[in-house]
Amino acid sequence: MTQPDYNLDQHQIIVPPGEIALETKDVNVFYGKKQATFDTSLAFPRFKISALIGASGSGKSTFLRCLNRMNDGVATVTGAIMYRDVNINQKKLNVYVLRKNIGMVFQHPNPFAKTIRENIQFALKKHGVKDQTVLDQRVEQSLRAAALWDEVKDKLDTSALELSGGQAQRLCIARSIAMQPDILLLDEPASALDPISTAKIEETLLELKQKYTIIIVTHNMQQAARVSDYTAFFHLGHVMEYKKTADIFTRPQVKATEDYISGNFG
Amino acid sequence: MNEIKEKLLKPSKETHQDQIGHLISLVCIGFIGILVVAILFFITTKGLATFTTNHVSVIDFFAKSDWSPSQKGPNGKPEVGALAMIVTSFAVTLLSAILATPFAIAMALFMTEIAPKRGQKILQPVIELLVGIPSVVYGFIGLMVLIPMVRTVFGGTGSGILPATIVLFVMVLPTITSMSVDALKAVPRDYRSAALSLGATRWQMMYKVVLRAATPGILTAMIFGMARAFGEALAVQMVIGNAVLMPTSLTSPTATLTSQLTTQMGNTIMGTLPNNALWTLALVLLVMSLVFNVIVKLIGKRSAFKK
């Protein structure tokens, strides 16, 4: 199937109502001379799940990694990313404070080769939490929030490497939320997992959005439809459409989105 | 809300640590950088003095094999022709690397593919032991055992390229083996599964898939082995014969660049032609090690998969 040339300037991007947790303005990402995303301007509402969908290489993961400065030293990012009235895409920004507030979970579960308890306490200790009762509380809270507590509460001091893929990924989510961040970025968190683990992760996300703003990159359109409130469709580095998930999946207005959702290209 | 805003823009303990760490590494790198440049500069100026101050012809240096920088030759000038040493250096290097590589690959395959457990247990310590033996001991064994043997079998003095090659073979073997092991280990496990799942025999899997994928790494191992052989001075000096003559056979006494340096460096006076000529030999060695490095870099670029 050959891919038709879509008009990349024809797009529909809304600004969601309510409080905005994070907003990007004309973000361009360059790998050397190659431009990966083009003038991405999106506003992510607070306490909602926003999904970024699109084919491989469409720039969605690249864009996600800008949001907590994980592209530092990897790619050049221009434009403004506003978080709490601060442009976080500036040199003098304290990235350590930023990443404490904007956590990230990656595609492949990447627990440290430490015990489950140490995995969760690692970052807390590095950020100066010393009180043992607080540390223990956070371990339980975050494991409960990630829906993992019941499965691991009796083996907190065994190696995290013994967990199954789905459990390890939920541990990584727990590890991120133990820092009590504002925003959670997830880069295809379920793509390496089986359907049951995926379902559990999705349940977890729906729970978490009471307290956190979530931005998730996913290959899986059903997943985007199931969990997200807003969806952005990326095509060749351009956002073609961004609106309520229900609208984008039932009434896509842009030809590229429609074709992608109905499986006519890929 | 404003608290976070302030924190985001203010430097913290972590950012200070970053800056201090950055500074410390810059100072260390700067120091090493200056050191390297100083060494390069020193050897280059000293080495080129033979051609600039002593007016020895560059062509004569590389094309003639008469070496007597301290005496006037038949044409009224000291003779500074390094060809014999260059040829011998390359000969022992290439021969020992060619001889050692098949053994090294066999050992590496045994350790990674055939019997990883036994390989790790027995061969790994053996290799480490071979690395740990000082070169003077290798040279001593060469002098006491190899030379009499070569003398009995081939006649002559017994010293020359052949015993030097054998000594270097043992010395570069562990280098090439351990680096080949690393290269084979870096081949993804999936490659092996893929080959076996297609019905390949274990030998076909090793020979056609794993070894092919590891070829750049094994070539790199060879080059490192050659670099070691090229630079080895002491052990070679003890068995090569130390006569600056063009080798006529594998058992005729001759000299390498390094052996000539070690034997002569105490006998010359700084600033004179004999001394400058030795610096020129050092410069040739330096340039060759740079060449080896460049080759390794080029091979690395062509590597089939990222490590």
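**How does the radius of gyration of chain A agree with that of a compact globule of 266 residues?**

A globule of this kind would come in near 18 Å, and chain A, with 19 Å, agrees with that. The radius is taken over C-alpha atoms, and the globule rule is 2.2 Å times the number of residues to the power 0.38.

## Before we start

This is a predicted model, in which local features need pLDDT of at least 70 and side-chain atom pairs count only at pLDDT 80 or more, while totals for chains, interfaces and linings use all residues. Residues are numbered from 1 along each chain as its sequence is written, and chains are lettered from A, ligands numbered from 1, in the order in which they are written.

## Chain A overall

Let's begin with the fold. Chain A carries 10 helices and 12 strands; these are DSSP runs numbered from the N terminus, with helices being H or I of at least four residues and strands E of at least two. Along the principal axes, its C-alpha atoms fill a box of roughly 55 × 45 × 35 Å. Of the 266 residues in chain A, 44% are buried. Here, buried means that 20 or more other C-beta atoms lie within 10 Å of the residue's own, exposed means 12 or fewer, and partly exposed is in between, with C-beta atoms placed from the backbone.

An unreviewed UniProt entry places "domain: ABC transporter" at residues 22–261 of chain A. UniProt positions follow the numbering used here, feature names are shortened, and annotations may be inferred rather than shown by experiment. That span is 38% helix and 26% strand, with end C-alpha atoms 26 Å apart.

## Two nonpolar cores

A nonpolar core is a set of buried Ala, Val, Leu, Ile, Met, Phe, Trp, Tyr and Cys residues joined through C-beta atoms within 7 Å. In the largest, with 70 residues, A:Leu52, A:Ala174, A:Ile177 and A:Ile214 touch the most other members. Helix α6 (residues 165–177) of chain A gives the most to this core, six residues. A second, separate core has 61 residues, including B:Ile105, B:Ala108, B:Leu184 and B:Val210.

## Chain B and the interface

Chain B is assigned domain 1 (14–42) and domain 2 (83–301), with bounds from an automatic or database domain assignment. The domain centres, taken over C-alpha atoms, are 33 Å apart. The unreviewed UniProt entry annotates "transmembrane region" at several spans of chain B, among them 205–227 and 277–299. Residues 205–227 of chain B are 100% helix, with end C-alpha atoms 31 Å apart; residues 277–299 of chain B are also 100% helix, with ends 33 Å apart.

Where the chains meet, 11 residues of chain A contact 11 residues of chain B. On the chain A side, helix α2 (residues 95–101) supplies the largest share, four residues. That side divides into six nonpolar, two polar and three charged residues, where Ala, Val, Leu, Ile, Met, Phe, Trp, Tyr, Cys and Pro count as nonpolar, Asp, Glu, Lys and Arg as charged, and the others, Gly among them, as polar.

## Loop residues to look at

A:Phe47, in the loop between β4 (43–45) and β5 (49–54) of chain A, has a positive phi of about 60° although it is not a glycine. A:Phe47 counts as partly exposed because it has 15 C-beta neighbours inside 10 Å. B:Asn242, in the loop between α10 (234–240) and α11 (257–264) of chain B, has a positive phi of about 55°.

Technical notes
Contact = placed C-beta atoms within 7 Å.
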